[in-house]
Structures are given as C-alpha cells and as structure tokens.
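The following explanation leads through a single protein chain, from individual residues to the overall fold. Please keep the sequence and the model in view while reading.

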Amino acid sequence: MTLRPLAVLAVAVLAGCQATDSDDPAGATSAAVDEQRFPDVLEATVGCEGTTCDLEVTISSPYDTPARYADGWRVLTTDGTELGVHALAHDHAGEQPFTRTQSDLEIPSDVEVVVVEARDLEYGYGGGTVTVTLPDR
C-alpha cells in the first residue's frame with residue numbers, strides 16, 4: 001500500500017515536467033537555434049576539366065549579421081587535407097540560403113571525393129557538410 005502513493009507522486013512529477021516542456025515549444029526551438037554556431041552546406045556540385053574544377057555551393061546561414069555570418073567555405077579531401085578556400089566578402093542576410101561559385105580549383109587527379117565545409121566569421125568552420133564524388137576526369 002505504501003508504494004501506491006509514491007507511484008502516484010512519481011507520475012505527477014513526471015507529468016509536471018512534460019507539461020513544462022510542452023508549454024513553451026518556442027523556447028525549446030529558440031534554444032536549438034541558439035546552439036547552432038555554424039552555417040550548413042546544403043548542396044555542392046563540381047564540374048572538372050582535368051584537374052581544374054569549378055564548384056557551385058549552396059549555404060544556409062540563419063544568423064546573418066554584420067558581426068556574424070557565413071564568410072566562406074573550404075574544400076577538403078576525405079582525410080582532411082585542405083584543397084582550397086573560397087572567401088565571401090559580405091553577409092547574405094536577405095538571401096537565404098544562397099549559392100555562389102568557385103572557379104579554377106586545382107584538385108589532384110587521384111582525389112575522387114571532396115568534402116565542402118562552410119565557415120562562420122565568428123566561430124570558424126563547422127556545421128553540415130556535403131560530400132561530393134568528382135566526375136570522371
């Protein structure tokens with residue numbers, strides 16, 4: 001008999017926790033957005049002639065401000081070797097997501113796959129990346 005009131009109390013406490021979380025769904029969403037520090041690469045395509053390649057990269061940067069925005073990306077091999085960097089000179093606050101190109105990137109002929117990673121002006125590299133298999137060259 002003494003277990004029954006404890007079980008009811010435990011259910012009441014747990015129900016109270018669940019109600020608190022669901023009462024403020026915007027707060028939970030805001031916390032998730034606040035934790036995102038890095039822009040995400042949404043898509044990347046690569047076209048090559050020999051070892052010279054052109055990229056088209058789409059980035060999402062939900063916090064574009066003059067103090068903090070996606071200011072570029074880099075192209076890496078799967079083992080982390082940096083093949084090239086592309087700098088963005090300004091924020092893209094009114095254009096989200098945005099797509100830009102990088103021309104004439106030299107990628108060695110033995111590299112078959114590259115990873116594209118975006119950079120944030122304040123926090124550096126991170127966020128979602130895209131892995132691209134290069135066309136036959």
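**A walk through the model**

Gly 126 is placed in the loop between β7 and β8 (130-133), where helices (H or I, at least four residues) and strands (E, at least two) are DSSP runs numbered from the N terminus. The model is predicted, so local features need pLDDT of at least 70 and side-chain atom pairs count only at pLDDT 80 or more, while totals for chains, interfaces and linings use all residues. Residues are numbered from 1 along each chain as its sequence is written, and side-chain values use heavy atoms, with hydrogens and water left out.

With a relative accessible area of 10%, Gly 126 is buried; the term buried means under 20% relative accessible area, exposed means over 50%, and partly exposed lies in between (1.4 Å probe, protein chains only). Not counting residues up to four places away in sequence, Gly 126 touches Phe 38, Pro 39, Glu 117 and Ala 118, a contact being heavy atoms within 4.5 Å. The C-alpha atoms of Gly 126 and Arg 37 are separated by 7.9 Å, although these residues are 89 residues apart along the chain.

The structure holds 1 aromatic pair. Phe 38 and Tyr 123 form this pair, which is edge-to-face, at 6.5 Å centre to centre with 75 degrees between the planes. Under the rule applied, rings of Phe, Tyr and Trp (its six-membered ring) pair if their centres lie within 6.5 Å; planes under 30 degrees apart count as stacked, over 60 as edge-to-face and the rest as tilted. The pair links distant parts of the chain, 85 residues apart: Phe 38 is in the loop between α2 (25-35) and β1 (40-49), and Tyr 123 in the loop between β6 (113-120) and β7 (124-125). Phe 38 counts as partly exposed at 25% relative accessibility, and Tyr 123 counts as partly exposed at 32%.

Another tyrosine, Tyr 125, has the charged end of Arg 74 over its ring, 3.8 Å from the centre. Arg 119 lies over the face of Tyr 125 as well, at 5.8 Å from the ring centre. A charge sits over a ring if NZ of Lys or CZ of Arg is within 6 Å of the ring centre and within 35 degrees of the ring normal.

Attention now turns to β1 and its partner. β1 and strand β2 (residues 52-60) pair in the antiparallel sense over 9 bridges, pairing being assigned if DSSP finds at least two bridges between two strands. The bridge partner of Val 41 in β2 is Ile 59. The two strands β1 and β2 form a hairpin with 2 residues between them, and Gly 50 in the turn has a positive phi of about 65 degrees.

Cys 48 and Cys 53 form a disulfide with sulfur atoms 2.1 Å apart, the criterion being a pair of cysteine sulfur atoms within 2.5 Å. The torsion about their S-S bond is about 105 degrees, so the disulfide is right-handed. Cys 48 is buried, with a relative accessible area of 18%, and Cys 53 is buried at 0%.

As for the whole chain, the protein has 2 helices and 8 strands. From the N terminus on, the elements run α-α-β-β-β-β-β-β-β-β. Buried residues make up 32% of the 137 residues.
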